[in-house]
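Dear colleague,

I am passing on the structure we spoke about, and below it you will find my notes on what turned up in it. Please read the two together, with the model open beside the text.

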Amino acid sequence: IAVGSLLAYDVYRKYVKPDCTGAELLKMTRYGVIFYGCVSGCFGTCLYAAGLSDNRFGLGWVYNFMGTMIGSAVWPVAACILMPRMTALGAIIGAWGGMILAIVAWIATAATRCSNGMDPDDECAGAASFDCDTGTLDIGTLGNLKAQLAGSLTALGASFILSELVTAFQLSRGTAKLFDRE
């Protein structure tokens with residue numbers, strides 16, 4: 001329902017038909033719910049076709065991966081809302097740069113994990129840890145919690161550092177264009 005309301009109020013009423021009636025907004029909200037349901041169903045079907053039924057790739061994998069992909073937007077968005085000095089370029093570079101660095105950290109860490117699902121740093125694993133083949137990138141190694149954590153923390157930290165550095169640089173040079181708030 002939230003997505004349908006966002007589509008109706010923030011897209012339809014603002015850009016398509018500003019003078020729409022309440023009945024039209026309600027109808028567009030319902031269409032938005034149907035549209036989002038179809039998109040979500042297609043996305044779920046794609047995940048299932050990609051191997052969601054595999055033990056190593058489930059919704060936990062997807063949930064942890066979200067930190068790597070969208071975690072870099074947390075600080076720039078929060079700073080744009082809460083801080084009047086955040087520049088548009090700082091927010092953009094922080095979000096995109098943080099995401100790129102997060103993907104690099106995620107893949108680099110995953111390459112150091114065992115392909116058999118074991119952790120090479122786990123001393124309690126016993127003999128199974130000695131049969132550790134690192135350097136492989138697959139669903140198991142990319143879904144390793146330490147690899148996902150490295151990506152998520154890099155996303156948060158790198159976006160903070162990049163957005164603040166770009167903003168500070170622009171403010172010190174006098175070229176800052178503060179983020180425009182409507």
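**Aromatic pairs and what surrounds them**

Trp75 is partly exposed, with a relative accessible area of 26%, where buried means under 20% relative accessible area, exposed means over 50% and partly exposed lies in between, computed with a 1.4 Å probe on protein chains only. Before going further, please note that this is a predicted model, in which local features need pLDDT of at least 70 and side-chain atom pairs count only at pLDDT 80 or more, while totals for chains, interfaces and linings use all residues. Residues are numbered from 1 along each chain as its sequence is written, and side-chain values use heavy atoms, with hydrogens and water left out.

There are two aromatic pairs, counted where rings of Phe, Tyr and Trp (for Trp, the six-membered ring) have their centres within 6.5 Å; planes under 30 degrees apart are called stacked, over 60 edge-to-face, and the rest tilted. The rings of Phe65 and Trp106 have centres 4.9 Å apart and planes at 45 degrees, so this pair is tilted. The pair joins distant parts of the chain, since Phe65 sits in helix 3 and Trp106 in helix 5, 41 residues apart; helices here are DSSP runs of H or I with at least four residues, numbered from the N terminus. Trp106 is buried, at 8% relative accessibility. Trp75 pairs with Phe160 in an edge-to-face arrangement, 5.0 Å centre to centre and with 70 degrees between the planes. This pair also links distant parts of the chain, with Trp75 in helix 4 (residues 74-82) and Phe160 in helix 7 (residues 145-173), 85 residues apart, and Phe160 is partly exposed at 40%.

Which residues of helix 3 are buried? They are Trp61, Val62 and Thr68, and, seen down the helix axis, the buried residues fall within an arc of 105 degrees (taken from the directions from the axis to the C-beta atoms), so they line one face of helix 3. On the other side of helix 3, Leu59, Tyr63 and Ile70 are exposed.

**Salt bridges and cysteines**

The structure holds two salt bridges, each being a side-chain nitrogen of Lys or Arg within 4 Å of a carboxyl oxygen of Asp or Glu. Glu24 and Lys17 meet in one of them, at 2.6 Å from N to O; Glu24 is partly exposed at 21%, and Lys17 is partly exposed at 30%. Glu164 forms a salt bridge with Arg85, the closest N and O atoms being 2.5 Å apart. That pair links distant parts of the chain, with Glu164 in helix 7 and Arg85 in the loop between helix 4 and helix 5, 79 residues apart. Glu164 is buried at 14%, whereas Arg85 is partly exposed at 35%.

A search of the whole structure finds zero disulfides, a disulfide being a pair of cysteine sulfur atoms within 2.5 Å. The sulfur of Cys42 is 6.7 Å from the closest cysteine sulfur, that of Cys46, which is too far for a bond. Cys42 is exposed at 51% relative accessibility, while Cys80 is buried at 9%.

Note on methods. Helix = DSSP H or I, 4+ residues; strand = E, 2+ residues; numbered from the N terminus.
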